Amino acid sequence: MLRDAVRALLTELSRRAPGRSVEVRIPPFGAIQCVAGPRHTRGTPPNVVETDPMTWLLVASGRLPWHEAVGAGRVRASGIRTDISEYLPLIDS
């Protein structure tokens, strides 16, 4: 169930932010590329967002603000394009 929720929210993010300039990783359940901009094709991506599944659900649902999650180290965002807060929350209230 957790896996399905993580994957569904990653799918929604890719729908709202089409592109391939940022890689969003939620191990062990999934990873996507999203956000318009320069496409990454080889090696370690320059723009990576990574977090655990529960933090992802909290951030994606709007229960944990993006800036708080990043500031607390619960979300690791490296690269200049990794602020995906404009696409969040992914669940409409």
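Visitor: Val 35: buried or exposed?
Guide: Val 35 counts as buried, at 9% relative accessibility. Buried means under 20% relative accessible area, exposed means over 50%, and partly exposed is in between, with a 1.4 Å probe and protein chains only.

Visitor: What am I working with here, and how is it numbered?
Guide: This is a predicted model, where local features need pLDDT of at least 70, side-chain atom pairs count only at pLDDT 80 or more, and totals for chains, interfaces and linings use all residues. Residues are numbered from 1 along each chain as its sequence is written, and side-chain values use heavy atoms, with hydrogens and water left out.

Visitor: Back to Val 35. Where is it found?
Guide: Val 35 sits in the loop between strand 2 and strand 3 (48–51). Helices (H or I, at least four residues) and strands (E, at least two) are DSSP runs, numbered from the N terminus.

Visitor: What is its phi?
Guide: Positive, at about 70°, although Val 35 is not a glycine.

Visitor: Now the core. Which residues touch the most other members?
Guide: Leu 13, Val 24, Trp 56 and Ile 84 do, out of 24 residues in the largest nonpolar core. Such a core is a set of buried Ala, Val, Leu, Ile, Met, Phe, Trp, Tyr and Cys residues joined through side-chain atoms within 4.5 Å.

Visitor: Which elements give two or more residues to it?
Guide: Helix 1 (2–16), strand 1 (22–26), strand 2 (30–34), helix 2 (53–61) and helix 3 (66–71).

Visitor: Take Val 24. What does it touch?
Guide: Leaving out residues up to four places away in sequence, Val 24 touches Leu 10, Leu 13, Gly 30, Ala 31, Ile 32, Cys 34, Val 49 and Trp 56. Contact means heavy atoms within 4.5 Å.

Visitor: At what angle do helix 1 and helix 2 cross?
Guide: Roughly 45°, and their axes come within 10 Å. Axes are lines fitted to C-alpha atoms, for helices over the stretch in contact, and angles run from 0 to 180 degrees between N-to-C directions. Helix 1 and helix 2 are therefore oblique to each other. Under 35 degrees counts as roughly parallel, over 145 as roughly antiparallel, 65 to 115 as roughly perpendicular, and the rest as oblique.

Visitor: Which residues in helix 1 and helix 2 meet?
Guide: From helix 1, Leu 2, Ala 5, Val 6, Leu 9, Leu 10 and Leu 13; from helix 2, Pro 53, Met 54, Trp 56, Leu 57 and Ala 60. That contact has 11 nonpolar residues, no polar and no charged. Ala, Val, Leu, Ile, Met, Phe, Trp, Tyr, Cys and Pro count as nonpolar, Asp, Glu, Lys and Arg as charged, and the others, Gly among them, as polar.

Visitor: What about Ser 14? Where is it found?
Guide: In helix 1. Ser 14 is partly exposed, with a relative accessible area of 28%. Beyond four places in sequence, Ser 14 touches Ile 32 and Cys 34.

Visitor: Last one. Ile 80: buried or exposed?
Guide: Ile 80 is exposed, with a relative accessible area of 86%. Ile 80 lies in the segment after strand 4 (75–78).
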